[in-house]
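Hello,

Please find the model we talked about below. My notes follow it.

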Amino acid sequence: YLSNYFLFDSPAAKIKAEVKKKIVDGKNAIEQAKSYLGQAMLANGWGTSFVWTPINMPGTPTTISTLGADGVSFWDTAHPREDGGASWSNVVVDGLVSSPVFSYSSLLAARRQFSLIKDGRGNPMSGSYLDTLVCRRGSNTAQLAKTIKGTIDKGIAPQQTNIYNNAPATDTFNIIELDVWGGLGLTGVMWFMMDSKMKNEDYGFQYVEALPTRAEPVFYDAPGNQDFISNFNSIAVMGLSDSRGWMASAGDS
């Protein structure tokens with residue numbers, strides 16, 4: 001009996017491990033699709049919508065809205081204000097250049113613009129500050145951002161124009177590098193800045209999950225067929241509420 005037990009236990013354990021791996025892979029595929037969709041919304045927020053299909057996955061192309069709660073695109077020069085006051089912009093403009101590539105100059109410009117944005121009653125957004133840069137991993141933007149951040153951290157202004165080590169004109173910042181998806185994801189020149197404190201149900205990107213990623217009960221696809229099919233599902237909604245905590249640049253000027 002012992003020999004029979006070990007004879008049948010080993011294949012069973014192997015099958016169990018293979019099935020477990022496939023379940024984990026299936027769940028990861030859904031989570032990756034969510035990540036790609038989230039990044040695609042970030043990258044395509046200059047328009048009002050875009051058509052999305054998961055990379056290398058079957059599915060019907062789906063139109064995704066990129067309208068914020070105020071009825072205009074995520075990144076727009078004419079966001080309306082609730083009190084009817086002057087509209088505001090969250091598109092970076094450096095001098096006469098709209099959507100510039102990332103540089104020390106455009107970092108200063110983004111923070112200057114951000115300081116002028118008012119809340120819904122026309123009051124200053126006291127205490128709000130762009131403290132985090134978002135860009136694509138390994139891109140020129142990410143590499144330059146690390147150099148600029150490192151120089152600021154040393155107390156030196158980047159891009160010196162004289163022999164003196166002038167103090168930087170702005171504070172340091174954090175950097176978030178997003179995965180390289182290609183397709184509808186971030187390009188290497190896109191960059192965004194946000195106030196990390198303004199991440200709540202009132203401000204910034206929203207993710208509401210009704211059904212966590214799960215595998216549906218396994219069923220056999222035909223009588224006598226030992227293959228099985230498992231469906232992986234998740235129900236969630238993504239969007240952008242109030243975008244006052246963000247500034248964006250396509251980097252394509």
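Asparagine 90 is buried, with a relative accessible area of 0%. (Buried means under 20% relative accessible area, exposed over 50%, partly exposed in between, with a 1.4 Å probe and protein chains only.) This is a predicted model, in which local features need pLDDT of at least 70 and side-chain atom pairs count only at pLDDT 80 or more, while totals for chains, interfaces and linings use all residues. Residues are numbered from 1 along each chain as its sequence is written, and side-chain values use heavy atoms, with hydrogens and water left out.

Back to asparagine 90. The residue sits in the loop between β2 (62-65) and β3 (93-94). (Helices, H or I with at least four residues, and strands, E with at least two, are DSSP runs numbered from the N terminus.) Its side chain reaches the backbone nitrogen of aspartate 76 at 3.0 Å. That is a polar contact: a pair of N or O atoms within 3.5 Å, where within protein one must be able to donate a hydrogen and the other to accept it, and residues adjacent in sequence count only if both atoms are side-chain atoms. Setting aside neighbours within four places in sequence, asparagine 90 is in contact with Phe74, Trp75, Asp76, His79, Ser243, Trp246, Met247 and Ala248. (Contact means heavy atoms within 4.5 Å.)

Next, the aromatics. The structure holds 13 aromatic pairs. (Rings of Phe, Tyr and Trp, the last by its six-membered ring, pair if their centres lie within 6.5 Å; planes under 30 degrees apart count as stacked, over 60 as edge-to-face and the rest as tilted.) Tryptophan 46 and tryptophan 75 have ring centres 6.3 Å apart and planes at 55°, so this pair is tilted. Tryptophan 46 lies in the loop between α1 (2-43) and β1 (49-52), and tryptophan 75 in the loop between β2 and β3, so the pair ties together parts 29 residues apart in sequence. Tryptophan 46 is partly exposed at 27%, whereas tryptophan 75 is buried at 2%.

Tryptophan 46 also pairs with phenylalanine 192: centres 5.8 Å apart, planes at 45°, so tilted. Phenylalanine 192 belongs to strand β7 (residues 191-194), so this pair ties together parts 146 residues apart in sequence. Phenylalanine 192 is buried, at 0%. Ring pairs link Trp46, Phe74, Trp75, Phe192, Phe205 and Trp246 into a cluster.

Now the sheet. Four strands form an open sheet in the order β6-β5-β7-β12, with mixed pairing. (Two strands pair if DSSP finds at least two bridges between them.) β6 (174-178) and β12 (246-249) stand at the edges with a single partner strand each, so one side of each is left without a neighbour in the sheet. Neighbouring strands of this sheet are turned by 20° against each other on average, direction ignored. β7 and β12 pair in the antiparallel sense over four bridges. Methionine 193 has methionine 247 in β12 as its bridge partner. Helix α3 (residues 140-153) packs on the sheet and touches β5 (132-136), β6 and β7; its direction makes about 165° with that of β6. (Axes are lines fitted to C-alpha atoms, for helices over the stretch in contact, and angles run from 0 to 180 degrees between N-to-C directions.)

Proline 100 is worth a look. It lies in the loop between β4 (97-98) and α2 (104-116). At 7% relative accessibility, proline 100 counts as buried. Its C-alpha atom is separated by 5.5 Å from that of serine 253, 153 residues apart along the chain.

Last, the charges. The count comes to nine salt bridges. (A salt bridge is a side-chain nitrogen of Lys or Arg within 4 Å of a carboxyl oxygen of Asp or Glu.) Glutamate 177 forms one with lysine 146, the closest N and O atoms being 2.9 Å apart. Glutamate 177 lies in strand β6 and lysine 146 in helix α3, so the pair ties together parts 31 residues apart in sequence. Glutamate 177 is buried at 17%; lysine 146 is partly exposed at 46%. Aspartate 242 and arginine 244 form another, at 2.5 Å between the closest N and O atoms. Both of these residues, aspartate 242 and arginine 244, are buried. Salt bridges that share partners join Glu31, Lys34 and Glu209 into one network.

Best wishes
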